[in-house]
Amino acid sequence: MSHIYQFEVERLEGGEQSLADYQGKVLLIVNTASKCGFTPQFTGLESLYEQYKEQGLVVLGFPCNQFGGQEPGNPEQIGEFCQRNYGVSFPMFAKIDVKGAEAHPLFRYLTRETKGFINKNIKWNFTKFLIGRDGQILGRFGSMAKPESLQIEIEKALKA
């Protein structure tokens with residue numbers, strides 16, 4: 001697979017969505033969790049989305065419960081938490097695995113095509129993947145990378 005547009009994902013509220021729907025957009029794909037030390041990054045992610053959505057940025061959130069059981073909620077609880085506490089308006093998707101035998105094919109692809117710290121596995125919540133308008137991976141950023149630190153990379157991708 002040479003780009004992400006061949007993947008289907010399930011929306012948080014149900015129903016499948018093709019990532020081809022985002023063709024021509026710059027994407028920031030993030031595995032999220034509601035009860036994590038990095039959860040306040042939702043604020044920065046929403047801020048980036050609001051600042052750049054008119055230029056073509058879309059943040060895609062993928063809840064994951066694989067790291068310390070920090071996303072225990074059902075879809076309704078996750079959606080309500082993100083909206084109530086962080087005003088999240090960017091698309092959120094169904095809870096998935098991002099590593100291991102049950103990892104969603106999208107995240108298997110993202111980790112296969114990028115190198116993480118030491119190895120390819122996602123180490124924790126709020127790992128971020130920046131995708132160019134052509135569907136190619138432009139970068140991978142770990143949990144410690146605050147969303148606002150990605151502004152320059154995002155601006156470059158939007159201009160490309």
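A residue counts as buried when its relative accessible area is under 20%. In this predicted model, F42 has a relative accessibility of 0% and is therefore buried. F126 also has a relative accessible area of 0%, so F126 is buried.

Aromatic pairs were searched for across the whole structure, and ten were found. A pair of aromatic rings is described by the distance of the centres and the angle of the planes. For F42 and F126, the centres are 5.4 Å apart and the planes stand at 85 degrees, an edge-to-face arrangement. This pair links distant parts of the chain, 84 residues apart: F42 belongs to helix α1 (residues 41-52), while F126 sits in the loop between α3 (105-113) and β5 (128-131). Both F42 and F126 are members of a cluster joined by ring pairs, which also includes Y49, F81, Y86 and F90.

A further pair is formed by F107 and F129, whose ring centres are 6.2 Å apart; because the angle between the planes is 75 degrees, the pair is edge-to-face. F107 is in helix α3 and F129 in strand β5, so parts 22 residues apart in sequence are tied together. Both F107 and F129 are buried.

Helix α1 also packs against helix α4 (residues 151-159), with the axes 12 Å apart and at an angle of about 30 degrees. The two helices, α1 and α4, are therefore roughly parallel, and their crossing is right-handed. On the α1 side the contact involves L48, Q51 and Y52, which meet Q151, I154, E155 and L158 of α4. Of the residues in this contact between α1 and α4, four are nonpolar, two polar and one charged.

Definitions and conventions: Residues are numbered from 1 along each chain as its sequence is written. This is a predicted model: local features need pLDDT of at least 70, side-chain atom pairs count only at pLDDT 80 or more; totals for chains, interfaces and linings use all residues. Side-chain values use heavy atoms; hydrogens and water are left out. Rings of Phe, Tyr and Trp (its six-membered ring) pair if their centres lie within 6.5 Å; planes under 30 degrees apart count as stacked, over 60 as edge-to-face and the rest as tilted. Helices (H or I, at least four residues) and strands (E, at least two) are DSSP runs, numbered from the N terminus. Buried means under 20% relative accessible area, exposed over 50%, partly exposed in between (1.4 Å probe, protein chains only). Axes are lines fitted to C-alpha atoms, for helices over the stretch in contact, and angles run from 0 to 180 degrees between N-to-C directions. Angles under 35 degrees count as roughly parallel, over 145 as roughly antiparallel, 65 to 115 as roughly perpendicular and the rest as oblique. A crossing is left-handed if the near helix is turned anticlockwise from the far one by less than a right angle, and right-handed if clockwise. Contact means heavy atoms within 4.5 Å. Ala, Val, Leu, Ile, Met, Phe, Trp, Tyr, Cys and Pro count as nonpolar, Asp, Glu, Lys and Arg as charged, and the others, Gly among them, as polar.
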